[in-house]
Amino acid sequence: MRPIFNPSLVNGRCGDPTVYVETLFEKHSLLFDVGEIASLSARKIQRVDQIFVSHAHIDHFVGFDHLLRLLVGHEKTVQLYGPARLSQTSGLSVESGRKLSLRSRFRCERTRNAEFHVYHAVPAEAGLCRGAVSLTPNPCRRPLRRTVSAAILEHGTPCLAFALREAAHVNIWKNRLSEHGLPVGPWLRSLKQAVVERRADDHLIRIDGSATSDDRLVPLGSLRDLLTVTAGQKIAYVTDVADTPANRAAITALVQNADILFIEAAFAEADVALARNRAHLTTMAAGEIARQANVRRVEPFHFSPRYAGDEVRMLAEVMTAFRGSHA
């Protein structure tokens with residue numbers, strides 16, 4: 001399976017928590033948290049159309065003004081998801097820029113064609129809920145090729161963890177296209193989307209430029225042997241959470257079988273008391289959670305500045321716990 005998502009830690013393992021995710025074959029990108037993003041090119045920032053914020057602590061949101069400055073003046077809609085109080089924080093931030101006011105759920109304001117939508121993953125009246133919620137509103141009306149779910153965790157304040165998943169991964173067999181006398185072309189996107197959307201076999205696919213005709217309609221059912229469908233890629237993001245049984249259970253359920261898990265490991269295992277006091281995970285806790293959730297690859301980050309220059313040891317502690325019994 002060729003990965004469709006290309007995620008990267010913007011500020012490495014020790015800087016502000018921010019993950020930038022590019023989508024293959026699309027001009028759309030998203031951010032998990034929006035800490036310092038000055039290292040991202042203007043081109044990359046202008047591709048961002050969704051931002052998922054864990055909580056409003058400054059190191060997770062300080063880059064919003066920078067992003068806003070680069071997007072103002074462009075025809076752009078950005079969807080912003082986060083805890084219930086996020087609109088208050090983002091509203092203050094934008095007021096200091098272009099006097100754009102971000103209000104409550106599903107409302108937006110416009111300035112110079114830059115439009116922001118705020119979505120509350122945690123309704124203010126709901127308090128702290130356990131389990132995952134799906135973030136599905138999509139004013140952009142793009143085909144649903146990806147879904148994002150969130151778990152509500154405890155960090156002294158509600159904090160969200162996220163899981164991004166490709167709806168399904170559809171692979172076209174070019175040799176079978178040749179056998180059927182069918183061309184490679186834009187129509188294959190429609191075929192893939194019909195499969196992702198679980199259309200019925202009698203759903204018609206328009207084939208453009210085929211060998212037998214300039215244009216024809218063919219039932220989806222007769223084209224299914226051209227492709228294979230596998231589970232889509234899954235990327236998870238977890239940061240700023242206390243190591244409690246409830247948090248562990250919620251994280252494990254959300255990130256289960258993820259291809260890549262970005263998870264904080266703020267403190268070394270020797271400093272477990274400090275981690276507990278500050279409601280963060282240790283290196284061992286991060287590795288254990290990744291192992292329990294059966295993730296394929298773990299990417300620890302958000303190392304405390306107290307471990308500057310000691311990144312190799314921190315990473316080794318996480319990987320030792322992650323490998324565990326199946327080392």
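Reader: Which residues does His60 touch, not counting residues up to four places away in sequence?
Author: In this predicted model, His60 is found in the loop between β4 and α2. Leaving out residues up to four places away in sequence, His60 touches Pro17, Asp33, Val34, Gly35, Val53, Ser54, His55, Tyr237, Thr239, Asp240 and His302.

Reader: Is His60 buried or exposed?
Author: A residue is buried when its relative accessible area is under 20%. His60 has 0% relative accessibility, so His60 counts as buried.

Reader: What separates the C-alpha atoms of His60 and Val34?
Author: Along the chain, His60 and Val34 are 26 residues apart.

Reader: With which side chain does the side chain of His60 make a polar contact?
Author: Asp240 is one of the residues that His60 touches. At 3.0 Å, the side chain of His60 makes a polar contact with the side chain of Asp240.

Reader: Where around the axis of α2 are its buried residues?
Author: The buried residues of helix α2 are Phe64, Leu67, Leu68 and Leu71. They cover an arc of only 100 degrees around the axis, so they lie on the same side of α2.

Reader: At what angle do the axes of α8 and α9 cross?
Author: Two packed helices are described by the angle and the distance between their axes. The axes of α8 (residues 283-292) and α9 (residues 311-323) come within 7 Å. α8 passes α9 in a right-handed crossing, and the axes cross at roughly 35 degrees.

Notes:
Residues are numbered from 1 along each chain as its sequence is written. This is a predicted model: local features need pLDDT of at least 70, side-chain atom pairs count only at pLDDT 80 or more; totals for chains, interfaces and linings use all residues. Side-chain values use heavy atoms; hydrogens and water are left out. Axes are lines fitted to C-alpha atoms, for helices over the stretch in contact, and angles run from 0 to 180 degrees between N-to-C directions. Helices (H or I, at least four residues) and strands (E, at least two) are DSSP runs, numbered from the N terminus. A crossing is left-handed if the near helix is turned anticlockwise from the far one by less than a right angle, and right-handed if clockwise. Buried means under 20% relative accessible area, exposed over 50%, partly exposed in between (1.4 Å probe, protein chains only). The arc is that of the directions from the helix axis to the C-beta atoms. Contact means heavy atoms within 4.5 Å. A polar contact is a pair of N or O atoms within 3.5 Å; within protein, one must be able to donate a hydrogen and the other to accept it, and residues adjacent in sequence count only if both atoms are side-chain atoms.
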